[in-house]
Amino acid sequence: MVRVAGRGAEEVAAAARERTDVPVVDVGSTGVPGVEPLVVATDDGRSAFYANATPDDAESVASVIGEPTRALPDADATVTHDETGALPVPDLDGFSGSRSVLARCGWLRPASADDYAESVGFTDAAADEVVDAAGGVLGRGWGDWNADEPAGALWEGVRDRDGSPAVVVNAHGNPGDALLAESDPFAVLEGAAHVARVVDAVQVFVYVSETDERARDTLEAAAAAYPDFPTDVAVVEGPSAYRAAEPTMAIEAVEGNHRLEARLRPPGPEVEGVFGEPTVVHTARTFAHVAGAVRGDDTSTRVLSVTGDTQDVTVELGETDTVRSAVEASGATDYTGVLVGGRFGGLTRKLDVAPTPIALDERDLGTDGVLEVLGSDACPVAFVGRRSQFAADSNCGRCVPCREGSTQLSELLRDIYDGEFNEAKITELLRVMESTSICAFGRNAPRPVRTGLREFRDHFEAHANGECPSGQCLVDADAEAETEAEAATL
Amino acid sequence: MSSQEHPHAEFDVPPLTETIAPGTATDPDVKSAETTTLTVDGHEVTVPEGSTVLDAVEEVETDEYVPALCNYDREDIGPRSECRTCMVETNEGIVPSCSTPAEEGLEVSTDAEAASEARDVNLDLVLSDHNLRCTTCGKNGRCDLQDASIENDVEEPRYGVFDDRDAYEPIDDSSDFIQIDRNKCILCNRCVEACNDVQVEGVLRMEGHGQDTRIGFQNGAETMEGSTCVSCGHCVTVCPTGSLVEKGLEDAATLPIPGFNQKNSVGKVIESSDVEKGPMTPMKADQVTETSRETGGDAEERQWP
Ligand code: SF4
Ligand code: SF4
Ligand code: SF4
Ligand code: FES
């Protein structure tokens, strides 16, 4: 069998098919786009991996596979393994540790119910079994209404309430959610089916960003092919803006509102969700973990995506591991710092922290499962300033502490460049944004600045004295001065 | 089974939402379900079913002033809970009193430092985006923001006030009955609710996001004149600031300084085009839901630093 994983796989797989009768299949991404398209030739308990394969590479693999007398071309990695229905993790850059919830990414045909059935099988667990086995799964990511809390209590609350419950699969925005949607949609849908049975839902909504076409198409195909899904399923799109992943904005999008803003809470969607009905909102990652828990897999692992000034990768780490492993898997060795835990995560240089909510929270880091690397020449002051400006530009506009607070915060950070570093005024504003904003967008938006101030105080002070230790801001300022000088001579 | 064609097949979709698109979220019910007794700054208060913590706060002489600027709570308008100048401390942390259900046994305090700081900062944040020109404003002396600022002893708003001539929105003076000065709007949403939920006219909506959030028109018109407004005036009645004012009263409360009035205070005015107007309700929101659906991502809107 020859598998071709990742974007661009179609062309490579087509070239291989020309040369062999051995099955050649397109599978989803492995989570390591840097090695893709990845050709994996599996024969007799051995898989040979060819990274960044071209159609020519695929042809040379295909022309010898299945011919006992001829050897495969030299591979970038080779793994001997049992037939487990899961990707045997190769020793290639970007792969880290063993995989549980990501196990099938890059191994199964994403929209093939048969592949999934053969690999792990669909489980028709009774509602009580689901609650017992998966009730302890912690919600993953800021798009999960139950982030970092055990899911079981939420489901039971929804089940016990009068009404026609709904389940929302929030696959919007986070790269880990998008990977699962594209590469293992049945695991996501199976988790949703379990929860739909637990709460006796009348409908499941799968919510994706309008720009994640691949995730949308794959989820739609999988939903159509799913054997006996317990409810109606509809895949709905929202705008790609970051805020649109907020759980109540996800519900607004599902209902078809033309403009998205956060809803008041409490009560949350578990009481009044889609069209006022009690609603469960989890991310795709959470649902995939639920499906894993029901079949007895370890669910303490965390899916982490690394991005920024490095190669993008999505890996899975155990709770005894540290986020350093993920950053190293991306190939980053030299960096100013890492924003841990999403767009509004915490900025840190110390990566010896376990990827668990408790450990991350102790360090004031975020739990959204995204690690953003700041390259070695990046300026942390400019970085948090731009992030604050992002909050000002892209909030939903509803509440004053977030809408006006992020604008004023950006101004206070700009003032530092003019020599005015009013730390008390900045931290006062950070406190009020965090404690009084309506939704997690505004409540988390202060974190990059708060942690940046703590971790890089000397850089802030230097900027107030007209210096940028990394040189980045001065380069920008020089360039600006030059442009102005040029303009003056014209 | 999947239902791409009818994604809401399983739900009774309220019919009103098909023609009226106010652009705001459908909030949950945030009122108490029964009569409750709570304490506010040590005073015991009993409030009826359907009450918020703010209802209890308003019953007693509190230790500190709670502006609750955006709260209206009449005619089913609000709580919008956007200004966050009504924060109080409870045993469950600091909460917006206008939109927190009154709960049996809750201990509320208005003078806790975190709540007090939050009210002050948020009121100053409202002012930071406000074209504070009371002397030329038609609502001078009858403005909730002015009252709240005076009562809260605001002297020097810590973030200043909105004072950037280039960025001012022009005053919309195009309608014969109502003048709009968005530079004074606090986005309390009262007018939108009055127009949609009370009058069921479907004229006004909330639009945009971030600093571009503003009240606009459901038919996509740029001016009040081009909107489907029937001039019932309800929006003006509920507006807490000088953002919506009856024509003829724009200068009713201003100081008589020659050459200095509301219309020239901003410098840009949209006048009536004086064209013959058609029927006052040519179109409701029929096309709006589809044509103006929010799309797209997060544009980097401003350079750094
Ligand atoms: S916190 Fe920000 S994103 Fe959330 S409701 Fe307030 S303005 Fe909107
Ligand atoms: S006056 Fe016009 S805009 Fe105002 S509430 Fe009435 S119909 Fe709506
Ligand atoms: S125009 Fe007046 S009523 Fe309408 S949102 Fe603005 S301040 Fe509130
Ligand atoms: S009065 Fe409560 S948020 Fe404005």
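Of the 305 residues of chain B, 51% count as buried, where buried means under 20% relative accessible area, exposed means over 50%, and partly exposed lies in between, with a 1.4 Å probe and protein chains only. The model is a predicted one, in which local features need pLDDT of at least 70 and side-chain atom pairs count only at pLDDT 80 or more, while totals for chains, interfaces and linings use all residues. Residues are numbered from 1 along each chain as its sequence is written, chains are lettered from A and ligands numbered from 1 in the order in which they are written, and side-chain values use heavy atoms, with hydrogens and water left out.

I shall stay with chain B for a moment. Chain B has seven helices and eleven strands; helices (H or I, at least four residues) and strands (E, at least two) are DSSP runs, numbered from the N terminus. The accessible surface of chain B is about 14100 Å², and 47% of that surface belongs to carbon and sulfur atoms. Accessible areas come from the Shrake-Rupley method with a 1.4 Å probe, and for residues only the protein chains shown count as cover. Turning to contacts, meaning heavy atoms within 4.5 Å, we take those in chain B between residues at least 6 apart in sequence: 68% of them join residues at least 24 apart.

Ser243(B) sits in the loop between α5 (234-238) and β10 (244-246) of chain B. Is Ser243(B) buried or exposed? With a relative accessible area of 3%, Ser243(B) is buried. Apart from neighbours within four places in sequence, Ser243(B) is in contact with Gln179(B), Ile180(B), Asp181(B), Arg182(B), Lys184(B) and Cys185(B).

Let us now move to chain A. Chain A is divided into domain 1 (2-93), domain 2 (119-295), domain 3 (301-374) and domain 4 (380-465), with bounds from an automatic or database domain assignment. Taken over C-alpha atoms, the centres of domain 1 and domain 4 of chain A are separated by 48 Å.

Why is helix α10 of chain A, residues 284-294, described as largely enclosed by the rest of the structure? It is because eleven of its eleven residues are buried. Among them are Arg285(A), Phe287(A) and His289(A). Gly296(A), with a positive phi near 90°, follows α10(A).

Some backbone details deserve mention. The peptide bond from Arg265(A) to Pro266(A) is cis, with omega near -10°, and the bond from Pro266(A) to Pro267(A) is cis as well, with omega near -5°. Pro266(A) is found in the loop between α9 (247-255) and β9 (279-283) of chain A, and Pro267(A) has its place in the loop between α9 and β9 too.

Asp44(A), a residue other than glycine, has a positive phi near 55°. Asp44(A) lies in the loop between β3 (38-43) and β4 (46-50) of chain A, and is exposed, with a relative accessible area of 74%. Asp364(A) has a positive phi of about 60° although it is not a glycine; Asp364(A) counts as buried, at 16% relative accessibility.

Finally, the aromatic residues. The structure holds 17 aromatic pairs over all chains. Rings of Phe, Tyr and Trp (its six-membered ring) pair if their centres lie within 6.5 Å; planes under 30 degrees apart count as stacked, over 60 as edge-to-face and the rest as tilted. Tyr226(A) and Phe229(A) form an edge-to-face pair, 4.9 Å centre to centre with 85° between the planes. Tyr226(A) and Phe229(A) are both buried.
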